[in-house]
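Visitor: I am new to this structure and would enjoy a close look at a single part. Please walk me through the salt bridges, and then through whatever surrounds them.

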Amino acid sequence: MSTASLYRRFLPSPPAIDFASVEGKKIFNEALQKGTMEGFFRLISYFQTQSEPAYCGLASLSMVLNSLSIDPGRKWKGPWRWFDESMLECCEPLQIVKDKGITFGKVVCLAHSSGAKVQAFRTTQSTIDDFRKYVLKCSTSDNCHMISTYHRGIFKQTGNGHFSPIGGYNAERDMALILDVARFKYPPHWVPLKLLWDAMNSIDQSTGRHRGFMLISRPHREPGLLYTLSCKDESWTSIAKYLKEDVPLLVSSQHVDTIERILDVVFKSLPSNFNQFIRWMAEIRRTEDINQNLSSEEESRLDLKQELLKQVQETELFKHVEKFLFSVGYEDSQSYVPAKTGSQDSENLSEMESDESCCPETCVKCIKGVGEDKVKTYPSGNDVFTALLLALPPQAWSGIKDQSLLQEMKQLISMVSFPTLLQQEVLHLRRQLQLLKRCQENKEDEDLSAPA
């Protein structure tokens, strides 16, 4: 059955005021003079239209993450790292979001998982006065942005629940600017802050909980420099269950008397697709990028990655893992560096001549670019396995019956002796694992806080 097509909607005004109208421009200029439009310019630089009718939450989040210059640590398309709606399916499969939308708790969980610093509040956990203070805070800064989830009906608009970033605030008029990501439907518009609060102070029928708002800011350091938990694979839930539940049961039920025996018990039961779960985000760079086109920020990031990989390989746990994998005849089969043919990166790789070899002392791959003296080291299974073990919570090993072995294992995974950079990487993995577990148990709408 055919459906009539629509070209935009008429914006009910009042209560909303079109941003591009004469009055909307006047409100903007007043706010600009008072310094409450500082966050606007970053957001408007990355303003996007949601690509699906139900992707408002994903579009709002990717827009904010990009405006904060948070590196996703993984490729979008070609050689580019960039947040896009298609990359935000960690807490909910994209097909489900496309069909049913996404809840407030899952968007908060996605923001946490993406490495942002997040403060989230339902209207039952805040007040309108607190909300006004937070709007003012984000409007006077370009390193903190707000996403609001509200019911459109309060503004006399068509539709129900919706997500959009808040782009600014006029304190004298007490009006907030909504940068509506459904730009095919409504333009950006000013609304009375009291009315926006009322629109948030409504019940989401899918969860039975109140809507709210979240403040998103850039972390002190880019998370996941080398490793990140990947849930793109459909069976990621089984892997999360294995890590959080099965491993503790395995080490407590099996007779383990050495570190190598622990590794044997853990690794022989690993799900077959675990290598897609923890991945190293290696970049394949063109020859010209290697020599001249990288920004100083990117060069600094690459140097940090090299240092972090070195720190992983210097841990005592890595030495045990390396020895164990060698004893069982493990051959590194993980394709961190794509082949020159049959790969989506083949076009990029065709422009880069390289000398690829294996460094036997660490069993990691090395790439040496043309005209480049510095060898780039890429991780192999040895350090990925090490990262997997470090990502597990310390209590995962509490079932080891041999007390001296238990103490030895605790010492190996203790972060006290780790350099700060490695500590941050391990904490990032552990927090991501907690978030995935929270989603697996459908508790993301119960707890909006960042993992401990």
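Guide: Let us start with the term itself: a salt bridge is counted when a side-chain nitrogen of Lys or Arg lies within 4 Å of a carboxyl oxygen of Asp or Glu. Side chains of opposite charge can pair in this way when their charged atoms come close.

What you see is a predicted model, in which local features need pLDDT of at least 70, side-chain atom pairs count only at pLDDT 80 or more, and totals for chains, interfaces and linings use all residues. Residues are numbered from 1 along each chain as its sequence is written, and side-chain values use heavy atoms, with hydrogens and water left out.

The rule gives 16 salt bridges. One of them joins Lys98 and Glu52, whose closest N and O atoms are 3.8 Å apart. Lys98 belongs to helix H4 (residues 94-100), while Glu52 sits in the loop between helix H2 (38-45) and helix H3 (56-67), so this pair ties together parts 46 residues apart in sequence. The helices (H or I, at least four residues) and strands (E, at least two) are DSSP runs, numbered from the N terminus. Lys98 is partly exposed, at 38% relative accessibility, and so is Glu52 at 23%. Here buried means under 20% relative accessible area, exposed means over 50%, and partly exposed is in between, using a 1.4 Å probe and protein chains only.

Now compare a pair inside one helix. Lys319 and Glu316 meet in a salt bridge with 3.2 Å from N to O. They are three residues apart in helix H12 (residues 316-327), which means that about one helical turn separates them. Lys319 has a relative accessible area of 42% and is partly exposed; Glu316, at 47%, is partly exposed too.

Next comes a bridge between Arg173 and Glu30, at 2.9 Å from N to O. This pair links distant parts of the chain, 143 residues apart: Arg173 is in the loop between strand E6 (161-170) and strand E7 (175-178), and Glu30 is in helix H1 (residues 22-33). Both residues are partly exposed, Arg173 at 30% and Glu30 at 23%. Together with Glu23, they are linked in a network of salt bridges.

E6 and E7 form a hairpin with four residues between them, and Asp174 in the turn has a positive phi of about 55°. The two strands run antiparallel and are joined by four bridges, where pairing requires DSSP to find at least two bridges between strands. Tyr169 stands opposite Ala176 in E7. Strand E5 (residues 144-151) also pairs with E6 in the antiparallel sense, over six bridges, and Ser148 has Ser164 in E6 as its bridge partner. Nine of the ten residues of E6 are buried, so this strand is largely enclosed by the rest of the structure.

Of its 452 residues, 54% count as buried. With contact meaning heavy atoms within 4.5 Å, residues 24 or more positions apart account for 68% of the contacts with a separation of 6 or more.
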